[in-house]
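Keep the sequence and the 3D view open side by side. The paragraphs below walk through a few places in turn.

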Amino acid sequence: MIDGSRIWLRSFAHINGDKDEIRKMLFTSNREIFQYSNSNIDSRALTFFSIESWRDLSCLLNLTPLEVEQIINNPSYIQFKVPKKKGKPRLICQPTSKLMKIQRRLNKYLQAVYDFHIPSCVHGFVPKSNSVYRSIVSNANPHVGKKNILTIDLEDYFRNISAKRVKNLFQSWCINDEISIVLTLLCTFKGSLPMGAPTSPILANLCSYDLDLELTNFCKKNSTTYTRYADDLTFSKNEEITDEQIDSLTQIIERNGFFINKAKTRRISSSRKQKVTGIIVNQKLSVERRLKKKMRAIENDIKVNGVAKATEHHFKLKDYANNEIQSQFLNKIKGLKSFIKAVENK
């Protein structure tokens, strides 16, 4: 991450002339920082880069140094497993309320850092403040109409990003060793990024920055389109994607500290249904027919039997669906309709 971090640091060089004076304003009157930056996003990023002491970090988190020390010495998480369609259950490590609040606040600053220079290939976990909206739809769109598609899944994406790697990330931004360790302890659990922490997605993107740059450069030289949505990597081109090219991609991925889930690696030609992050891309963006059929069936159920009965049918309830459950059902239907509209632009 060291090479990638220099881009951020160089980007802020023009507003980082007198660092001591800027730091003084940053941690006394945040309003004054705006004369040094173009936006609130810039000021957050600059604030984060300027952390040099426990006092700075405590001010950033609205805590006392003692409270910060207590939290890093006793990190509190709730662990539970969520079943997946295939494979072993997914382990969720959710921080308890106080740590969750701290991570959410810290996440705003980490997002500001990433927002300043997001690779065009990245479409997952992108801050909403970014000028270009990124989603599974924007991730699939570059691959529409390509003759050959390769999809690669990164194995245990969060868990394979170690605490040491996160600490090295902070240190590469010229944050001193002590504060880098404290930040790492606030964001990691049992030696890696926990799935369930608000800070994990953006830190995963930041730790994948060099991977994205290297894959992008390789793909440019080989007339290949590359996008990444979290741990889903997609490559497409009109020519054949050869074994040699896959070997080269594998070497880049492993050299950057990630591992491929070979069971989920797919080569898909245009003669078959090509799906990228769940969206069909053969000729245009479209959703599965069965999804639209399901949507029509639900709407008809609501029309014929009413919301309460349709909720019972959809959620397979034995008892009457109360107002709260009906509201959850309607929100789910609303989200499904919005998704279909976003994909097919209808």
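**A buried histidine**

H143 is buried, with a relative accessible area of 0%. Buried means under 20% relative accessible area, exposed over 50%, and partly exposed in between, using a 1.4 Å probe and protein chains only. The model is predicted, so local features need pLDDT of at least 70 and side-chain atom pairs count only at pLDDT 80 or more, while totals for chains, interfaces and linings use all residues. Residues are numbered from 1 along each chain as its sequence is written, and side-chain values use heavy atoms, with hydrogens and water left out.

H143 sits in the loop between α7 (136-140) and β3 (148-153). Helices (H or I, at least four residues) and strands (E, at least two) are DSSP runs, numbered from the N terminus. Not counting residues up to four places away in sequence, H143 touches I149, T225, T227, T234, F235, S236, V276 and V281. Contact means heavy atoms within 4.5 Å.

Now turn to the sheet. Four strands form an open sheet in the order β4-β5-β3-β6, with antiparallel pairing. Its edge strands are β4 (225-229) and β6 (266-269), and each pairs on one side only. Neighbouring strands are turned by 15° against each other on average, direction ignored. Axes here are lines fitted to C-alpha atoms, for helices over the stretch in contact, and angles run from 0 to 180 degrees between N-to-C directions. Strands of a sheet pair through backbone hydrogen bonds, either parallel or antiparallel. Two strands pair if DSSP finds at least two bridges between them. β4 and strand β5 (residues 232-237) pair in the antiparallel sense over five bridges. In one of them, Y229 has D232 in β5 as its bridge partner.

Next, a helix pair. The axes of helix α11 (residues 209-221) and helix α12 (residues 243-255) come within 9 Å and cross at roughly 160°. The two helices are therefore roughly antiparallel to each other; the cut-offs are under 35 degrees for roughly parallel, over 145 for roughly antiparallel, 65 to 115 for roughly perpendicular, and oblique for the rest. L211, E214, L215 and F218 in α11 meet Q245, S248, L249, I252, I253 and R255 in α12.

Last stop: a leucine. L99 is found in helix α6 (residues 97-115). L99 is buried, with a relative accessible area of 5%. Leaving aside neighbours within four places in sequence, L99 is in contact with I71, S76, Y77 and L186. L186 lies 87 residues from L99 along the chain, yet their C-alpha atoms are separated by 7.9 Å.
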